[in-house]
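Open the model in your viewer and keep the selection tool ready. This tour goes from stop to stop.

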Amino acid sequence: MRSDSEAWQRYGEFLRAQATEAGMGPRDIEEAFKEAALREPGRGIGGMAYSKSHINRLYGAQAKPTPPVPFTLEFLRITNKAARLTRQEHDRRWEEARSLLQRAMGSAPLPVQRTDDGEDLASLRHQRDLALAQRNLAEATATETRLRYALRDAECLLLTLFQIAGALREIIAGNDVRALRTADAHELARVRDETRRAEAYKSTAQQEADRVIARKVTLEQLWDRARADLQRLSQHPDVSELAFTHQSPGGPLTPMPPADLFTHPALDDIAAALAKAHQVNTREDRGVHELQRIFTGDEGFLEPDSELAVLLALTRLAAPDARDSALTSLVADWSHSEAARKAVVRLAGDPSPLVRRHAIEGLSRGWPGHPAALNTLVRMADDQDSSVRQRVPRALVSSWGGNPHARDAVLRLVGDQDAVVRKGVMLSLAQGWPGDPAVRDVLLRGTVDGDADVRQAAAAGLLKGWHGDPLTGRAVLRLTGDSHAAVRRKAVEILVEGWPAVPATLNAALKLSCDGSPGVRRAAATALAEVWPGNLSTKEVLHRMAFDMDKDVRQYAIAVLADAWSGDQRALQTVLSRADDRDPRIREEVADALAEGWPGDLQSRGTLLHLVKDEDPGVRVSAAFALVNEWNDDPAAHRAVRRLLNDKQAEVRSWAVLALGDGWAGDPATLESALRMSADEDARVRRNVVKVLAAGLPDGAQVLEAVLRLLGDPSPDVRLSIVDSLSDRRGGDPKARDIVLRLADDPSPDVRGGVAKALAQGWPESLAGRDIALQLTEDPKASVREQAVKALAAGWPRDPAARNGVLRLTNDTYAAVRWSAVDALAAAWPGDPAGRDTLIRLANGADEDARRDVANALAAGWPGDLTARDVVLRMTEEVSYVASPWAAEPLATGWAGDPTARDAVMLLKAAGDPDVRRCAARLLGQGWPGDPIALDATLTLGSDPDADVREAAAGALVAGWPGAPAAEEAVRRLAGDPAPAVRRAVEAALKARDDDPTASGTA
């Protein structure tokens, strides 16, 4: 009896510890059981003993759980959810509880209990289990049916959206014909406006169709899983009366054709249809999230253990796609499971190369450092399929860099018959085992490989691990004489980076400047100009290259001469001699070079006055701006640019107007020319005229009259230029503001959006401007509403009326508007309770991209707020494996120093993906410097097999824990790391800390 009492005592103490960690007393436990019983009446929770007094007696081993296993499982669900434990930790604690329960129950076997009518308890339990199996099968059948109908509805909506898009294409095509035939300017403007609306609606239809397609893919995946669950549950021998149907999703489609959707293809009717489609999409997206929770949530019919069992069963299906899909899920969600690892190891021998390739990546990502995973990858280096062997080196270096066994497996692939495999070997060896003599010897042999790509990879590897080494430098130097131009180009680039001080490198670059390949000559010229800019040999080479047959080489040489030898007369003569080059791009370069290298020079001025009359429009424009930049006090230059206002090319006239405004803004002749050009036939010219006139607005009635006349310009670009120019150049001027306000009802959405932006930029805090911006938040065009939100945040922060307008748009039908409102609330109204509550509401049920925006906004606008923190913590648990870094990022910025946030970030250090672990190292150093628990996690990451992770950990240790003995020791070890990138990171971090007067301690 004593052993019986002790076993139950240990069980009770275990339950008490779980409740204490969750912060729940016996009363809290009782209330949680009551809520679960009401929420799920079919699970039998109401029949369990969970009163406050019973919970207290359980803790003291004075009562036993009733019924034992279901009660214990439900108790752990409640406490683990409150404690925000991971699924892996939940599974571990359930195993511990089950073990304690078995020992307690096994120590004193209960006698067979019978009911009043003589039926034993085992029979009753069998009946109960049968009822549960029937219920589960019925729920699975209902879910599978619901998915089939959801798929059918998605296909129907998709077909309808395609029909809407087709009708819009017909409208656009018809309008194009009408535009060609009409001579009425007003009719033409109306047709074009209708076409723009149709194009916008067509884009909206495509966006909604993309949402349907994405949802359909998810539904199909869920339906496959539902059928697998249904098949598994139907195998129960006593529930065969519930037939398992094999219907395919879909059924007869009856999509509403456009003629039924709207009585005629009018744009207003299409807009209404698209709004309805958006509502349907939003509702159906919520339904998909509910269906996903059925499969993955704690409260669905599919238990976690059953989900794993289903995935393991899928790995044995005949279809390779099904096995591959199951493999992906096992790696993403079950890397803590030994059964999952064994399944992935088994799939590494799958008949399908696709599955084997993904098994390689899965083992590296899900079980880095695991001996069995390493042994499997080592065996796969001998796979018969080259596409599989290609993945092995990258996987080994990612998770077992520095491991001799992994290195030997990669070395076995050095002689592979596939050049792509050999190339991967070269790159992986240098990354994972830099400094290793055996690796260096292999890379040296790689420089004489028969494949050019392999030789380039070998040279790059030598640079990564042995830059400055004389022997490797000579090997790379030999590649400058390679038969393949790409290899020669790569060789000179590597030599310059790794061996710049070696005289042979300069000689090789000089030699390659005469290479037969233009690409090699350009690489050599770049090397010479960057490393030896003052060298006389470099100057001679560039003089020669200014006459090269390749135009890109000539252009580069001219630019370098102007930059490196500015003012040099010989260089000037060389550049002047190219002013009549046959290629107009070279003549443009000459104009730019003369202004940059020889400003004020008379010869340069004369050449530019000649080039401003060049036959090529681009050359004339470049010459004009060159004169503006360096000769704007020269009357001849002013006259030459003014003559371009009469150029036959509208583009030249447009740039000439701008050039006049830049160089001679206050000159009366410039203003007179701009007034004349305001009537130019080309909208581009009139648009730039506005910019010049805006600068002279207060100076005369003529200017104001011209600007007011251009308010009615047929081109929206011209009207938008008025808005932008007045806000840029006349911000704060009431007269300019009134002109901008007149365009708030412009027919162009671009202009209306520009008005909102201009009012915030030029007249912030103006009540008239705020009211117009609020008016624009109700604009029918989403792009205008989005711009209005940004304007309210920028121009009227902390204004209550502006905030209310932004809050209203968090319910907008367009995602871009909603998430602009999210950013605006955080930026302009930080700490506002209403804004925070709105963001929390938006986080529920949103997709990953949306939740990322909410998380970042909460961190930016409500740092330290515990309610906001808990929402972000929940996101880190709900997002996918790949998204976990961005979900944790806001915790480090908004809740730095918070222990709960720290623990959530620390979970990333166990991720299979090295990018995720690298993110964990960076965030721990950023958000919790000096924290001893964060230090332990960062020290672990400092010994990670991946060099990129160690590099991030090194920087975090130096910056976050200066003077800590454990951190100092780790930094000293990382300073001698085999990977050069890690050593460089330590060196850079130490230098940055030494330069920071606030840092203390040394490493």
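**Before you start**

This is a predicted model: local features need pLDDT of at least 70, side-chain atom pairs count only at pLDDT 80 or more, and totals for chains, interfaces and linings use all residues. Residues are numbered from 1 along each chain as its sequence is written, and side-chain values use heavy atoms, with hydrogens and water left out.

**Stop 1: the whole protein**

Show everything as a cartoon. The protein has 51 helices and zero strands. Helices here are DSSP runs (H or I, at least four residues), strands are E runs of at least two, and numbering starts at the N terminus. Of its 1003 residues, 50% count as buried. Buried means under 20% relative accessible area, exposed over 50%, and partly exposed in between (1.4 Å probe, protein chains only). Now consider contacts, meaning heavy atoms within 4.5 Å. Among those between residues at least 6 apart in sequence, 67% join residues at least 24 apart.

**Stop 2: helix H11**

Select residues 320–333. Helix H11 has 14 residues and reaches 20 Å from its first C-alpha to its last, close to the 20 Å expected at 1.5 Å a residue. The expected span is 1.5 Å times one less than the number of residues. Which residues of H11 are buried? Colour Arg323, Asp324, Ala326, Leu327, Leu330 and Val331. They sit on the same side of H11, because they cover an arc of only 165 degrees around the axis. That arc is taken from the directions from the helix axis to the C-beta atoms.

**Stop 3: H13 beside H15**

Select 353–366 for H13 and 386–400 for H15. The two helices pack at an angle of about 5 degrees, with their axes 8 Å apart. H13 is therefore roughly parallel to H15. Angles under 35 degrees count as roughly parallel, over 145 as roughly antiparallel, 65 to 115 as roughly perpendicular and the rest as oblique. Axes are lines fitted to C-alpha atoms, for helices over the stretch in contact, and angles run from 0 to 180 degrees between N-to-C directions.

Show side chains where they meet. On the H13 side, look for Arg356, Ile360 and Leu363, among others. On the H15 side, the residues include Val388, Arg391 and Trp400. The residues of this contact divide into seven nonpolar, four polar and five charged. Ala, Val, Leu, Ile, Met, Phe, Trp, Tyr, Cys and Pro count as nonpolar, Asp, Glu, Lys and Arg as charged, and the others, Gly among them, as polar.

**Stop 4: helix H22**

Go to Lys511 in helix H22 (residues 503–512). Lys511 is exposed, at 65% relative accessible area.

**Stop 5: the loop between H37 and H38**

Select Glu765, in the loop between helix H37 (749–762) and helix H38 (767–776). Glu765 has a positive phi of about 75 degrees although it is not a glycine. Is Glu765 buried or exposed? At 56% relative accessibility, Glu765 counts as exposed.

Now pick Ser766, also in the loop between H37 and H38. Ser766 is buried, with a relative accessible area of 15%. Leaving aside neighbours within four places in sequence, Ser766 is in contact with Arg737 and Trp796.

**Stop 6: the loop between H39 and H40**

End at Arg798, in the loop between helix H39 (782–795) and helix H40 (800–808). Arg798 has a positive phi of about 70 degrees although it is not a glycine. Arg798 counts as exposed, at 60% relative accessibility.
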